[in-house]
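Here is a friendly briefing to read alongside the model. Please keep the viewer open as you go through the points.

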Amino acid sequence: MYHFFYDEQAGETAPDNNYMEIHDFEEQIKYLAENNYYVPSWDELADFVNGKIGLPEKSIIITVDDGDESFFKLAVPVLEKYNFYATSFVITSWYPDRPEKYPSPVIDYQSHSNDMHKGGADGKGAILTIDYNSACEDLKASRSILGENCKIFCYPFGHYNDRAKQILKDCNYTMAFTVEGGYVTPGMDPYQLPRVRMSKGISLNAFITKIK
Ligand SMILES: [Zn+2]
């Protein structure tokens, strides 16, 4: 799980730990490419979670939340250089232009909600408390921007509950990611998949340890 990127050599600094230095990122992607890491499709991941298929031990899915410009300007060229796939979870009301402005053979666009990346009635992610129909409309709006292949969701702020999961199911989203730390394993709830957070300043060795 990544969010934003910055370039230290260009004099940029990171406002917080959600920023990855771009040369560190390139080392990471180079490592994955050179060590033949496999990027499963979403259908393959679903089958793996359901226990229908196995996956290579070296399997990984790169996800980048929000759809910030720094991802497209700095990180996508790196991914293209190594021909390595990544998923962009876009907040489509903030960044409706992403698929058209930044088409890339290595980027898969999925939803981080249309306009639910904000506090709801209880101060937590809006999907927890927004009324059912509005939530469905929001999810459809994302799909109309990102295309019919948009069927994977990333919970804003990682907030979810049973109702949110049901709404996603009803609106034909097949899997959803939290911000809880961990590896995806067979038998997990497909609407509550964990991830591994990548933070600023991580060494290549620490990165390798995290993905093992
Ligand atoms: Zn987010």
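How many helices and strands are there in the protein chain? The protein chain holds seven helices and eight strands, where helices (H or I, at least four residues) and strands (E, at least two) are DSSP runs numbered from the N terminus. This is a predicted model, in which local features need pLDDT of at least 70, side-chain atom pairs count only at pLDDT 80 or more, and totals for chains, interfaces and linings use all residues. Residues are numbered from 1 along each chain as its sequence is written.

**Overall shape**

- The radius of gyration of the protein chain is 17 Å, which agrees with the value near 17 Å for a compact globule of 212 residues; it is taken over C-alpha atoms, and the globule rule is 2.2 Å times the number of residues to the power 0.38.
- Along the principal axes, the C-alpha atoms fill a box of roughly 45 × 40 × 30 Å.
- Of the 212 residues, 35% are buried (20 or more other C-beta atoms within 10 Å of a residue's own; exposed means 12 or fewer, partly exposed in between, with C-beta atoms placed from the backbone).
- Among contacts with a separation of 6 or more, 53% join residues 24 or more positions apart (a contact has C-beta atoms, placed from the backbone, within 7 Å).

**Helix 3**

- Helix 3 covers residues 69-81, and its end C-alpha atoms are 18 Å apart, in agreement with the 18 Å that its 13 residues should span at 1.5 Å a residue; the expected span is 1.5 Å times one less than the number of residues.
- A kink of about 40 degrees lies at Ala75, shortly before the proline Pro77 (the bend is the angle between axes fitted to the seven residues ending there and the seven starting there).
- Phe71, Leu74, Ala75, Val78 and Leu79 are buried in this helix.
- The buried residues of helix 3 pack against strand 1 (4-6), helix 1 (22-34), strand 3 (63-66) and strand 4 (86-90).

**Positive phi values**

- Most residues other than glycine have a negative phi.
- Phe157 has a positive phi near 60 degrees and sits in the loop between strand 6 (152-154) and helix 6 (162-170).
- With 16 other C-beta atoms within 10 Å, Phe157 is partly exposed.
- Asn172 shows a positive phi of about 65 degrees and belongs to the loop between helix 6 and strand 7 (175-181).
- Asn172 counts as exposed because it has 12 C-beta neighbours inside 10 Å.

Conventions:
Two residues are in contact if their C-beta atoms, placed from the backbone, lie within 7 Å.
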